[in-house]
Structure formats: structure tokens, C-alpha cells
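Me: Could you take a close look at one part of this model for me? I'd like to hear about the place where the two chains meet, and what sits behind it.

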Amino acid sequence: MALYGQLPFGTFLYGGNGSFLKAFSFTWNQTQPTPEEEPMGQINYELTLQRIDDENNILTDADIMASLPLPSDIASDTEPLIQPGQIDQPIPLISGYVDFILIIPPKTVTMTVKFNDTGGTPFTLRPKGMGVLLDAQNITGIFVSNPSDIAAGPRVIQAVRQQ
Amino acid sequence: MPLLPSQITFFASAQPFSSGGVITIQPVPESGKNNLFQDTPWQSLEAGQVVYKKIFLKNSSTTVLSALLVWLLQPTEQEVVSIGLGTPTDTDGTVVTYSNPTRDEGFALPTMNPGDAVAIWLRKTTPPNTPAFVNNNLFQIALTGTST
């Protein structure tokens with residue numbers, strides 16, 4: 001059984017003297033980045049915020065719409081990679097006084113995020129689920145946990161309103 | 001009685017994604033894409049990643065399997081898989097001693113009586129700055145022994 005190279009799928013050899021060889025094959029690939037996941041050299045946002053009332057009615061533009069120009073030097077868009085099993089990984093804030101934080105769930109795994117400290121109630125970030133948008137002026141910390149077995153990360157957008 | 005290929009199989013462990021714990025009744029397919037490892041996130045090719053899997057090799061035959069040796073045919077892309085022995089219940093793959101046995105060395109497994117199962121940990125390492133995969137990554141475990 002002097003076999004050194006790759007073995008054909010399903011290899012099973014059985015000799016009359018009871019000796020045997022069996023091969024198990026495992027195959028995988030890599031995920032592919034989508035265009036919006038490509039690294040960005042320059043960040044420039046204009047966020048439009050819309051609010052709903054207690055009955056989930058979208059309030060009118062005249063009531064609450066506001067456009068907030070966010071120059072690139074006071075905004076960031078990152079996708080920090082959280083290793084599998086990592087609990088309460090802190091995400092650096094871009095400023096001690098962040099106006100808005102938008103967290104978009106990862107595309108493949110479910111994660112959780114807590115704010116201010118690690119003792120709070122976690123928000124669950126499910127693939128294709130809802131993100132978290134915060135008026136973040138009182139936020140002092142972001143902590144992300146990845147209970148899955150693959151590295152992944154949410155998209156974290158932070159902005160400080162232009163004064 | 002001749003040994004049949006279906007009588008030597010892997011079974012998943014109980015933690016999510018077969019990442020540790022006790023044996024389950026879920027067989028690990030012997031081939032096919034993502035039959036054990038999920039696709040490596042593209043971000044991890046640059047940053048690096050380590051994934052641990054625990055699987056159980058089970059002797060479902062009526063014979064004793066002895067002189068068992070395992071060796072690895074390393075992934076065809078630039079990742080590395082190592083193997084270590086577990087216990088029936090352990091849950092932490094990071095504390096296991098791993099090796100990378102080749103055909104010339106082999107990794108000895110204990111004799112397996114009918115119905116026995118041996119816990120095996122696999123550690124898949126994606127080094128930082130790994131190039132994008134050209135093809136599907138293929139890794140193989142070869143097992144030799146004697147059935148009596």
C-alpha cells in the first residue's frame with residue numbers, strides 16, 4: 001500500500017490478510033467578496049434618517065426627515081473580523097463623542113452586539129436580519145461576540161456630525 | 001468476515017458545526033463539498049484563521065481493528081490541517097496536542113473493538129496572507145490497519 005499522492009474519492013482497499021486502507025476526503029472553498037465588501041479608500045456618507053411612531057407608521061418627511069452630511073474625516077466604515085468563539089470583542093470608537101452608529105449584520109453567521117459594557121442585553125445580528133442604528137451620543141463601547149465556528153464580522157459605520 | 005467500507009466511518013460531535021463534545025448519530029459524509037469544513041471567509045485569507053473540528057472514527061464492523069495508522073494528505077490550497085486525539089467528551093480543541101503525520105510516519109490510533117469510537121480533533125490553519133484559492137481545497141485522511 002505504498003500510496004503517496006492524492007487518493008481517489010472513496011478509496012477502500014482490502015487485502016486477504018485483513019489489512020485495509022480507507023481514504024476520507026474533505027472539500028471546501030473560500031467565500032467571495034461582494035462588491036460592497038471591497039475595501040474603500042474614501043468614505044463619504046449622507047444618511048437619511050426616518051422614524052416611525054408607536055404604531056409603526058412612517059412619519060412624514062416634513063416631520064422628521066433629515067439629511068446629515070458626513071465628511072470622510074469624521075466617519076468610518078469597517079468590517080472587523082471576529083474570530084470564531086470570540087466573546088465581547090471590543091470595536092474601537094472613532095471618537096469619544098460619536099453621533100451615529102450603524103451596525104449591519106454579517107452575511108453568513110449570527111452574532112450579537114452589546115453597547116457600553118459587556119453586561120448589557122445583547123442585540124442579535126442575523127444574516128439578512130435587521131441592523132442596529134443608534135443615536136450614539138452616549139455610547140462608550142461596542143462589543144461583538146461570534147459564537148459560530150467561522151471568522152466573520154458585522155459592518156460597523158460610525159459618524160460624527162459635522163459641527 | 002470481510003471488512004466493508006461502510007463499517008469504518010466518521011461521526012460528528014455534538015457542539016455546533018462538530019466543534020467538540022460527545023459523539024452524535026450524524027455521519028460525516030466521506031466526500032463532497034463542505035462535508036466538514038465550511039468555506040474559508042475571504043477576509044480570513046489575509047487575516048489568518050484557525051478552525052477546530054472534532055469527529056469520531058467508529059468501528060461498526062464485527063471485527064477488531066488494530067495496527068491503525070492515520071496520515072494526512074494536506075490541503076491542496078495553502079492551508080494546513082493537523083490531527084490530534086480527543087476524549088469522548090472534551091470540548092476545547094485548543095488544548096489538544098496536534099501533529100501532521102505523513103505516510104512515512106503515521107499517527108497511531110488505539111485498537112478498536114466492534115462498536116468502539118475514537119475521538120479525533122482536526123485543526124485547520126489558514127496562515128495570514130494566504131493567496132485566493134485557485135480551486136476547491138481538498139484535504140484527505142488515510143487510514144490503514146488490520147481487521148481480525
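Reply: Let's start with one pair of residues: A:Lys22 has B:Leu143 as its bridge partner in S8(B). Keep in mind that this is a predicted model.

S2(A) and strand S8 of chain B, residues 137-147, run antiparallel to each other and are paired over ten bridges.

Zooming out to the whole contact, chain A puts in 30 residues and chain B puts in 44. On the side of chain A that touches chain B, the elements giving two or more residues are strand S1 (12-14) and strand S2 (19-28). S2(A) supplies the largest share of that side, with ten residues.

Now for another strand of chain B, S7, which covers residues 117-126. S7(B) is mostly covered, with seven of its ten residues buried. Two strands of chain B pair with S7(B), so here they are in turn. Strand S3 of chain B (residues 49-59) is joined to S7(B) by ten bridges, in the antiparallel sense. Within that pairing, B:Ile55 finds its bridge partner in B:Ile120. Strand S5 of chain B (residues 80-85) is also antiparallel to S7(B), and six bridges join them.

Conventions. Residues are numbered from 1 along each chain as its sequence is written. Chains are lettered from A and ligands numbered from 1 in the order in which they are written. This is a predicted model: local features need pLDDT of at least 70, side-chain atom pairs count only at pLDDT 80 or more; totals for chains, interfaces and linings use all residues. A residue is buried if 20 or more other C-beta atoms lie within 10 Å of its own, exposed if 12 or fewer, and partly exposed in between; C-beta atoms are placed from the backbone. Helices (H or I, at least four residues) and strands (E, at least two) are DSSP runs, numbered from the N terminus. Two residues are in contact if their C-beta atoms, placed from the backbone, lie within 7 Å.
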